[in-house]
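The exercises below are meant to be worked with the sequence and the model side by side. Each task is followed by a solution that goes step by step.

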Amino acid sequence: MVNGFDFALEAELKGALRKDFLWGYATAAPQIEGAWNIDGKGPSTWDVLAHTPGRVLDNSTGDDACRSYDFFKEDVKLMKSYGVNAYRFSLSWSRIIPLGSASDPVNEAGLAFYSDLIDELLAAGITPFLTLFHWDVPAALEERYKSMLNQDKFVKDFVRYARVCFERFGDRVKHWITYNEPGVYALAGYAGGAHAPNRSSDREKYDEGDTSTEPWIVGHTQLVSHGHVVKVYRDEFQPKQGGTIGITLSGNWSEPWDVEDESDRAAAQRALEFEIAWFADPVHGIGEVDYPACMREQLGDRLPTFTDNEKKLVRGSSDFYGMNTYTAFFVRTAVPPGSPIPPEDHKGNLLWFDENKQGVSRGAESDTEWLRTSPWGFAKLLRWIWSRYHKPIFVTENGTTTKGEHVSAPPREDVLNDTHRIEFYRSYVGELAKAVKEEGIDIRSYFGWTLMDNWEWAKGYTDRFGVTWIDFESPEKTRYPKRSAAFNRQYFKHLIAEA
Ligand code: GAL
């Protein structure tokens, strides 16, 4: 029993994780920083979305969010008290280059902010993991040329932005992630349309967009621009700076609704390939560089093709497998073979279920409709990724919301005692440690999502994912540690091998 936490059930997992295992929390600039138009920052596409009526569930903006721009020193102190040894955060492109393009000036105040944050982390013994792109495109690039829909222009601008970051921070930062979840970015912003830049074929809600083509173009632009950035890093910076670089992909486990049914089994495989292999096969796969065959079959020439140069740039362009994952689903095939699949379908012709044929639930409910506690799916997903790609895995996001946290400050003790979240972390991280110990899967990091309740994109402040409860009503966004923060501190102490 350590500080009220008992690891008797995990006794055999003591020391299962390598001694240099990195663990901590992840955040994203638009979700926590605030200061959306301060010290020279240009607007991003998410600022535009937030200031367009009707686009955010609670009509909120990220104008202030958690005010981490002002209180980053407190955040670092908080993390130190949580016992972490790493922190994953993203840079706001339009804070660094307000108008975004390769010929636009940099903003020294924005660079200074990140430089100070990096120094503060290092002084606290916390390893920084930097994400270059976590969904906020400079608004000027969307206005000028529709950003990622124009691959040639976008690549030049993204490469220059990345270069500035390597030049300014690469002396101290040794862990780089180019893109966070290119798949979610492409689908939520260009298929469903709820995310920036709000493009979709759904004309009742959105003025522009084409769900049948744009997500695939935007996916391709991200892959190719990622490849260019990695080449620049490897050629010009890695030799002297010695860091690592890669891409982080989203992906949840999909399980056949009826394992005895061949069509359900095929649906589950398609789900994984549309969601994960879409990016992971070109980057981490073997053989010909292409998108998965099932995508080519369903999407035809709406799916871009790789030029020879693009193939070279993309294959092997990630030093590790960056993995974001949350939950699991039961799936079946939607449209039967022989009938046409609608061109707007972008998930692989699927139906989703909370229970399988036998009535077994995918897991306990959270405060978020799609998200349930499904550690069994995480266990299967780790094995699927490891056997298909065989790359060291860095888990870069995993976490949950929990019911009952929408209260006024100060939150009662029982609200801060977030047992649902503790159970989530206990079960998922336990599966991770088992995968390492029992099967030798090479897993090197775990970042919980997230350090503190924040602006959850188009959900506004209605989804609380943090291990810190935030009083969004207070001017200083007061931080209250939840019990899960203390739990994880003890848990990782138990699981990581002593030096
Ligand atoms: C991820 C995303 C995070 C956060 C999380 C919880 O897809 O990268 O920014 O929003 O989901 O919904």
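**Exercise 1. Locate Leu-187, state whether it is buried or exposed, and list its contacts beyond its neighbours within four places in sequence.**

Step 1. Leu-187 sits in helix α8, which covers residues 182-190; helices here are DSSP runs of H or I with at least four residues, strands are runs of E with at least two, and both are numbered from the N terminus.

Step 2. The relative accessibility of Leu-187 is 14%, and therefore the residue counts as buried, given that buried means under 20% relative accessible area, exposed over 50%, and partly exposed in between, with a 1.4 Å probe and protein chains only.

Step 3. When neighbours within four places in sequence are set aside, Leu-187 is in contact (heavy atoms within 4.5 Å) with Gly-192, Gly-193, Pro-215, Trp-216, Trp-278, His-346 and Lys-347.

Step 4. As for Arg-421, it is 234 residues from Leu-187 in sequence, and the C-alpha to C-alpha distance between the two is 28 Å.

A note on the source: this is a predicted model, in which local features need pLDDT of at least 70 and side-chain atom pairs count only at pLDDT 80 or more, whereas totals for chains, interfaces and linings use all residues. Residues are numbered from 1 along each chain as its sequence is written, and side-chain values use heavy atoms, with hydrogens and water left out.

**Exercise 2. Decide whether the radius of gyration of the protein agrees with that of a compact globule.**

Step 1. The globule rule is 2.2 Å times the number of residues to the power 0.38, and the radius of gyration is taken over C-alpha atoms.

Step 2. For 499 residues a compact globule would have a radius near 23 Å, and the protein has 22 Å, so the two agree.

Step 3. The C-alpha trace spans about 60 × 60 × 50 Å along its principal axes, and buried residues make up 62% of the 499 residues.

Step 4. Of the contacts with a separation of 6 or more, 78% are accounted for by residues 24 or more positions apart, in a protein with 16 helices and 15 strands.

**Exercise 3. Classify the aromatic pair of Tyr-25 and Tyr-82, and say which parts it ties together.**

Step 1. Rings of Phe, Tyr and Trp (its six-membered ring) pair if their centres lie within 6.5 Å, and planes under 30 degrees apart count as stacked, over 60 as edge-to-face and the rest as tilted; the whole structure holds 51 such pairs.

Step 2. The ring centres of Tyr-25 and Tyr-82 are 6.4 Å apart with the planes at 80°, so this pair is edge-to-face.

Step 3. Because Tyr-25 lies in strand β1 (residues 22-26) and Tyr-82 in the loop between α3 (68-81) and β2 (86-90), the pair ties together parts that are 57 residues apart in sequence.

Step 4. Both tyrosines, Tyr-25 and Tyr-82, are buried.

Step 5. Tyr-87 and Phe-89, by contrast, form a stacked pair, with 5.2 Å from centre to centre and 20° between the planes, and Tyr-87 and Phe-89 are buried as well.

**Exercise 4. Which backbone features are found at Thr-450 and at Trp-457?**

Step 1. Most residues other than glycine have a negative phi, and most peptide bonds are trans.

Step 2. The peptide bond from Trp-449 to Thr-450 is cis, with omega near 20°, and Thr-450 belongs to the loop between β13 (443-448) and β14 (468-470).

Step 3. Trp-457, although not a glycine, has a positive phi of about 50°; it is placed in the loop between β13 and β14 and is buried, with a relative accessible area of 4%.
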